[in-house]
Amino acid sequence: MSVAPLKNTVDWNRSDPQAARKVIRSGGYTGYTAGIAPGFVQANVCILPRQWAEDFLLYCQRNPRPCPLLARSDIGDPHLPTLAQDLDIRNDIPCYHVFRDGKLVEEVTDIACLWRDDLVTFALGCSFSFEEALLAAGLRLKFLERNSVAGVYVTNLETVPAGPFRGPLMVTMRAFKPADAIRAVQITSRFPNVHGAPVHIGRPQDIGVDLARRYQNVGDGEVAEDELPVFWACGLTPQLAVQNAKPSLCITHAPSSMLITDLRNASLAVL
């Protein structure tokens, strides 16, 4: 199932996270969130029934690179006040994926009708935060110039299991000239809460990646002859773990359609 095409039906202030959530909540935007509310943290999301929540929390703790936990909701509470006071997880994401028994069955723009009083929301760090730091350092991200996102891939590297949650690591790829790749490692190492430093550089075949085969065809996989592919752990990794765990219900964000928060990216950096 592919990500829903870009939909933008109203004019709004793209620099304001509250304005972004408002228009998303109203159904006025259902596309990628890259470049929206620059300076503010965006989050991957995984929503599970209570009986699956503790094992998933343990999975995040054992796999902090792909699953850096930013917030966890109270049981049945659709709000995440540590991320934004007005946030409502039921309709503040542009596009959701709904899994039943581990299978992706539906793509929707609102989950109010699916909400239950036993659901728990997990918000995980997203690489959009460190991309801002890369750009601020003068590093080029070519895919942004094409209104795209970093290519997403499934690797042959296994995550650490927790209960029924297990599966391969997923990664995002950004291409840099060698000197810029070194700088990218230095910069992203300061952001452990949004995936941190790369997990692999060069030779994609060493981690089981074919650059022509992107996960759900998401993102840009171009690497020029004078560039190196650089791979970071990806917050879509839990979606494969969910497919293996097979909970009766799981709701996630659609790839690159993230939860926009009021947290500043700078608040996640370590000196």
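Modeller: Helices (H or I, at least four residues) and strands (E, at least two) are DSSP runs, numbered from the N terminus. This is a predicted model, in which local features need pLDDT of at least 70 and side-chain atom pairs count only at pLDDT 80 or more, while totals for chains, interfaces and linings use all residues. Residues are numbered from 1 along each chain as its sequence is written, and side-chain values use heavy atoms, with hydrogens and water left out.

Biologist: Which element gives the largest share of the lining of the second largest pocket?

Modeller: On a 1 Å grid over the protein atoms alone, a pocket is an open set of points with protein on both sides within 12 Å along at least five of seven lines, a cavity is a set where a 1.4 Å probe fits but cannot get out, and lining residues have an atom within 4 Å of a point. The second largest pocket is lined by 14 residues, with A34, G35, P38, F128 and E132 nearest its centre. At least two lining residues come from each of β1 (40-49) and α3 (128-136), and the largest share, 4 residues, is that of α3.

Biologist: Which element gives the most to the lining of the second largest cavity?

Modeller: The residues lining this cavity include R140, K142, R174 and D220. Two or more of the lining residues come from each of α4 (142-145) and β7. The most, 3 residues, is given by β7.

Biologist: How many disulfides does the structure hold?

Modeller: A disulfide is a pair of cysteine sulfur atoms within 2.5 Å. For C60, which is in no disulfide, the nearest cysteine sulfur is that of C67, 4.6 Å away. The sulfur of C126 lies 8.1 Å from the closest cysteine sulfur, in C234, which is too far for a bond. The number of disulfides in the structure is 0.

Biologist: Within what arc do the buried residues of α2 fall, seen down the axis?

Modeller: Buried means under 20% relative accessible area, exposed over 50%, and partly exposed in between (1.4 Å probe, protein chains only). In α2 the buried residues are W52, A53, F56, L57, Y59 and C60. They line one face of the helix because, by the directions from the helix axis to the C-beta atoms, they fall within an arc of 160 degrees.

Biologist: Which exposed residues does the face of α2 turned away from its buried side carry?

Modeller: Helix α2 covers residues 50-62. On the face turned away from its buried side, the exposed residues are Q51 and Q61.

Notes. The expected span of a helix is 1.5 Å times one less than its number of residues.
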